[in-house]
Amino acid sequence: MTAPPPVPAHLSDRPLSGGLVVPWITPATTGGVYLFGNLAATSQHRCLHERRCQICGRALPGEAVLFARTSDLRTRCTSEPASCPPCAAYSAGACPMLSGARSTYRTSTHPALAGVPADPQRRLRQGAPAERWYAVHVQQYDVIPHPSRPDNLAASWQRIPPVRIEAVPVAGR
Ligand SMILES: [Zn+2]
């Protein structure tokens with residue numbers, strides 16, 4: 001484990017957990033436990049529809065970054081809401097999934113979620129090797145029902161071509 005990256009000034013008002021900024025979208029239990037890797041549906045919808053950054057919760061500037069897995073590139077959409085460029089730069093180094101610090105998906109659900117039915121997609125991914133991540137830079141995105149999970153919303157760049165797509169560098173490689 002390397003030391004967590006410094007917290008950017010614009011995120012200094014966010015709570016920290018293990019030295020990492022807790023994203024605006026990350027749900028917390030009533031006991032104050034943050035459930036990293038889980039999207040709170042109401043916050044997800046607010047981020048997507050109100051064009052908010054999922055990390056700082058502020059309105060997105062002109063350009064935004066959507067983090068996408070290889071499989072998301074095929075459908076040209078992701079259920080992960082966008083991040084503003086400064087938050088995206090921080091996340092690429094800080095988020096254990098994005099930075100490659102965690103090489104597989106969580107093998108079990110969070111203890112605080114015990115008894116909560118698991119999302120079938122998530123269950124499928126448990127213990128599977130992590131996919132490569134890409135930063136999709138967009139000026140705009142459409143909010144659509146996710147093509148393979150229609151009960152879920154997604155940010156789509158199918159209609160509006162992205163500015164650029166870059167692979168997220170894997171730490172230590
Ligand atoms: Zn942000």
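1. Basis of the note. The model is predicted; local features require pLDDT of at least 70, side-chain atom pairs count only at pLDDT 80 or more, and totals for chains, interfaces and linings use all residues. Residue numbers start from 1 along each chain as its sequence is written.

2. Overall make-up. The protein contains four helices and eight strands; helices (H or I, at least four residues) and strands (E, at least two) are DSSP runs, numbered from the N terminus. Along the sequence their pattern is β-β-α-β-α-β-α-α-β-β-β-β.

3. Burial and contacts. Of the 173 residues in the protein, 29% are buried. A residue counts as buried if 20 or more other C-beta atoms lie within 10 Å of its own, as exposed if 12 or fewer do, and as partly exposed in between, with C-beta atoms placed from the backbone. Among contacts between residues at least 6 apart in sequence, 61% join residues at least 24 apart; two residues are in contact if their C-beta atoms, placed from the backbone, lie within 7 Å.

4. Three strands form an open sheet in the order 3-5-8, with antiparallel pairing. Strand 3 and strand 8 (164-167) are at the edges with a single partner strand each, so one side of each has no neighbour in the sheet. From one strand to the next, the twist averages 25°, where axes are lines fitted to C-alpha atoms (for helices over the stretch in contact) and angles run from 0 to 180 degrees between N-to-C directions.

5. Strand 3. This strand (residues 64-69) is largely enclosed by the rest of the structure, because five of its six residues are buried. Six bridges join strand 3 to the antiparallel strand 5 (residues 133-138); two strands pair if DSSP finds at least two bridges between them. Phe 67 has Ala 135 of strand 5 as its bridge partner, and Leu 66 stands opposite Val 136 in strand 5.

6. Helix 1. In helix 1 (residues 41-50), the buried residues are Gln 44, Cys 47 and Leu 48. These residues lie on the same side of helix 1 because they cover an arc of only 90° around the axis, the arc being that of the directions from the helix axis to the C-beta atoms. Strand 6 (142-145) and strand 7 (153-156) are included in what covers them. The face turned away from the buried side carries the exposed residues Thr 42, His 49 and Glu 50. Just after helix 1, Arg 51 adopts a positive phi of about 50°.
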